[in-house]
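Subject: Handing over a structure

Dear colleague,

Please find below the structure that I promised to pass on to you.

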Amino acid sequence: MSSKFSGTAESSAAVAAAPSMSVASPWFFMRKVISFPALMAVLLTGVALLSAESRLIDPDTWWHVKVGEQILASHVLPTTDMYSFTAAGTAWMAYEWLGEVLLALAARAGGLWGLLIFQRVIVVIVAGLLYYLGYVRSGNAKAGCIAAAIVLPIAPVAFTLRPQMIGYVYLLVTVICLEHFRNGWSKALWILPPLFVLWVNTHGTFVFGLFVIGLYWVAGLFKFKIGGLVAEGMDQRRRVQLLLTFAMCLLALPVTPYGSKLAAYPIEMATAQPLNIANIQEWQPLSLGNPVGVYLLIFAMGLFVAQVTLRLSYRLVDMILLLFVMYAACAHLRFAMLFVIFLTPVVAEIFARWTPPYDRSIDRYVLNFALIVFAVAALVKLQPTRQDLDALVSKDYPVSAVAYLRNHPYPTGMFNEYGWGGYLIWQLGPEHKVFIDGRADVYEYSGVLPDYMVIAGAQADALRTLARRDVSSCLVNRAGALAALLAANGWQEVYSDELAGIFVNPAKRAERPGR
Amino acid sequence: MNERERAMVDLPEEEQTRSVGGESNQKKRAAEEPASAPVSIVRNIFSFPAMLGGLLVTGVFVARRNFDVDPDFWWHLKVGDGILAAHKWPVTDPYSYTAAGNSWLAAEWLSEVLFASVNRLGGFRGLEALFLVLGAAIMVALYIFATLRSKNSKAGFVAAAMLLVLATANFNLRPQMLGYLFLILTLIALERFRQGHRRALWFLPLLFLAWVNTHPSWEIGLGTIFVYWMSGWKGMRVGGIEMHRWEPAERVRLAWTFLLCVAVLPITPYGTRLAAFPFQFVSALPNNLTYIIEWQQMPFDQPGPKLFLILVFAIFAVQIAFRLVWRLEEAALFLLGVLMACLHARFLLVFVPFCAALLAATLAVWVPGYDRKKDQYLLNAALLCAMLFGMIWFFPSRAAIEQNIATRFPLHAVEYLREHPLPGPMFNTYNFGGYLVWARGPEHKVFIDGRGELYEPAGVFPDYMHITLLKPGALDVLRSYGIRSCLLERDQPLATVLSARADWQKVYSDRTSVIFVYEGERKLTAKTRGWNVATEKEQR
């Protein structure tokens, strides 16, 4: 949308952007900390943390942590797979190694509890950056807060303990820098090249960062107004600045332990991993069977109604980004976070029409302070305990089965559920090799992924495929079709609990453990 | 509009001319297509707009000539056949042994009788012709509706052609095709009424009389009439939404039409029970809504839904750029169509007509109108004849149709069963149930078929899911029904499990299906030993 700053004092502060503040008294800082905008930030954080409750652990969390631990212990980055027996020795890179190291450090500091704190910190940062982005765009803190609060319930899809959370933080920083640049603060672009050095080593979302910078530059070539579509144009000096920044960000991409291979990985995934994208859950399309999907649909329709009735104006870059992320979020649920990031400033500008700006003169600092203290205390109280975390893990992962395996080694070549592979790596690897885990790229290239789908789907060739892969035991979901197939075929169930079962091929039971 | 209403219009004057629903533009467009002297019927038949209609019909033929029927088609056919034979409407289930005698009504009996009649007259080829006729009728009606709305046959054609891909992907020889045709006819009637033809509504009560006996989608039609009625409550404009007030007489006429349409709903062989059926289905059948594919949400990773997204977003972008003015009823129905299609993929065919008006009216801003003076009647005639000839030439043979059926339904397995009667009761895959009902019912009873409203209340549907998903105890559930044989899809997990079990014997298998017979416990031990021996041999 066109930048429309609705307030006066607030808009001046936003337009100035460059934080050339004079040295202030302690009371000045204190007022900032317990101001109404700060209260809104705390409440927004609460919304974000409550939304993130259910999304702590992802099946991939475990192997990310393990890889990070391995890097910290050996000071060497892996170049081949060491965790599976089906793709052992296959070329593989830890393409999110920096994020994995951070996760491993959090795990070292406090185990599951440390990981929880890490996730909460990232969630708070994301919420804060969204708020700030909405404020920068609209010039209205209240509108920024409302916008962030409205879109945050869609964000939990990205709040799982994986390097992608950090990638989205970097994307938010990039967009904020571009907004500051657009508002006249050119130095904001200096942050980007070093940011991209970190980014390319953390997560593949750096391609979106490049895309956004490129789009801002291309949009700056045009100056027109067609109906509600506005292209503001950029003067040549600013276009050159942006182009140079883009070029420097590109130059930052090979600055990785793997050279330029990391930079090429996202494109490789998009073009050379069709099975991964077609079958792995995080790549599945938007699901309207869950609240996030319904919420996103209602949002999109609300935006449509707002457009028709309010005759909103959009900047060219905003419209392109909005359409792109809506399509991307529908096609792949994992991109719903992009929708959150690029929708927030648009919604903030809409709400700025009706929301009066912050007026320091009527602020109630004492009340704010009390509410902030209460909110923080409540948020701390509502955080899960260690027992809650353990229960959360036990609900979805074969905790007891793994404990059994430690005490009862079984013949090598164990088939496992895809979603449990990461947990097995974390608990028992690299000595215990898995059949498959969340590193779908390794398994797709080595042909393991199609075999896994045949076996897990209990298709006609399932048993033959198990035999071909030299599988002698299986750790499977007891309620799944494969468990029924194994039981029907004479495999012995040597362990079972409410979640998992371990089946052993009697013919191979006598083999020695270890590989 | 009065002064107060005019004051609500906040657009500069040049933007008001972009009103695709506005009176000013309608008059302007009417001027582009000047009223002509009466034209001969022959010229109308071979006119350019008629040729465009022929293209749409050809598009339907090309897309759907393969007799790709839905699993439910078969039991619809059987029910219709049963009604024609017995001259009675069923009130209990005659086709299954799991819900035998349970209360059940043929909620779509009129269309089922139509299908059965055509089958009696022309067999599969007759049904294929009916399918193509229905599909063509829907697209032609859509074209007429879009043209009526935009007053521009080219814009109407482009809109219909753009929606053709979405529409044909969801065409299926089932009663819902007639339901969607009736919906478009309702929209045509309402549009003509909107344009001043007072008598346009007279046939709607008759249409609803047929509709309530044909398919439960009549409530969408009622909802559409209501939206039109409410949208004319007062005249005003809010941003890009325009409301044209009905004249008092028009409002009364529309209200009476609505009430008459409601009044005919109990005129069915089942009284008011058919009218209540759609609401019962939605509220009392959660498993159906969860597990049956057509009730699931739109799969956005498929090409058709991606095209749907592109279309919706393109309309959004055009609205931003050109600040079009839309009628309230069109905007409301468009949004409703988007919502319904996203929530349940089967409602994509509801989205299509709701989108057509808006799309055609938008395109009419840029697409030039039809100019009769430039028409090439001979060329049009030649093209139409070529299309007709092509459709006749490439019409599928009975053998081709049967071959297509065999790839999806157990045609050969049923032949085997006729020659080799097997012990019952027989468990069958859901997708095969309808075909079994048609091919062997009612003498041979099925475990389950597509009549979800029957099996879910009877508790059969949850058991079916338990068995086919191989949840713990699945085979016990199978045994609890006393199942002695199974007709399954070849690659489904249950077939793999039964293949591995000694107490089940595979007696038939082809590319589509497989049949197992329960042999009891006696072979269990021997079979297990045999598998281990085979495995050892492979290892050596």
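Predicted model: local features only at pLDDT ≥ 70, side-chain atom pairs only at ≥ 80, totals over all residues.

Residues are numbered from 1 along each chain as its sequence is written, chains are lettered from A and ligands numbered from 1 in the order in which they are written, and side-chain values use heavy atoms, with hydrogens and water left out.

Helix pairs in chain B

Two packed helices are described by the angle between their axes and the distance between the axes. The axes are lines fitted to C-alpha atoms, for helices over the stretch in contact, and the angles run from 0 to 180 degrees between N-to-C directions. Helices (H or I, at least four residues) and strands (E, at least two) are DSSP runs, numbered from the N terminus.

In chain B, helix α15 (residues 303-322) packs against helix α16 (residues 328-343) at an angle of about 155°, and their axes are 12 Å apart; α15(B) and α16(B) are therefore roughly antiparallel to each other. Their crossing is left-handed, a word used if the near helix is turned anticlockwise from the far one by less than a right angle, with right-handed used if it is turned clockwise. Contact here means heavy atoms within 4.5 Å, and by that rule F308(B), V312(B) and I315(B) of α15(B) meet F334(B), V338(B), A341(B) and C342(B) of α16(B). This contact has 7 nonpolar, no polar and no charged residues, where Ala, Val, Leu, Ile, Met, Phe, Trp, Tyr, Cys and Pro count as nonpolar, Asp, Glu, Lys and Arg as charged, and the others, Gly among them, as polar.

Helix α8 (residues 153-169) of chain B takes part in two further pairs. With helix α7 (residues 109-150) of chain B, its axis comes within 8 Å and crosses at roughly 140°, which makes α7(B) oblique to α8(B). That crossing is right-handed, and the residues of α7(B) that meet α8(B) include M139(B), L142(B) and Y143(B). By class, the contact of α7(B) with α8(B) has 11 nonpolar, 4 polar and no charged residues.

With helix α17 (residues 348-363) of chain B, the axis of α8(B) comes within 8 Å and crosses at roughly 155°, which makes α8(B) roughly antiparallel to α17(B). The crossing of α8(B) and α17(B) is right-handed, and their contact has 16 nonpolar, 1 polar and no charged residues.

Between the chains

Chain A and chain B bury about 4000 Å² between them, 71% of it on carbon and sulfur atoms; buried area is the accessible area (1.4 Å probe) that two parts lose on being put together, summed over both. The contact takes 46 residues from chain A and 45 residues from chain B.

Backbone details

Most residues other than glycine have a negative phi, and most peptide bonds are trans. In chain B, however, a cis peptide bond joins G424(B) and P425(B), with omega about 0°, and the bond from G441(B) to P442(B) is also cis, with omega near -5°.

Methods: Parallel < 35°, antiparallel > 145°, perpendicular 65-115°, else oblique.
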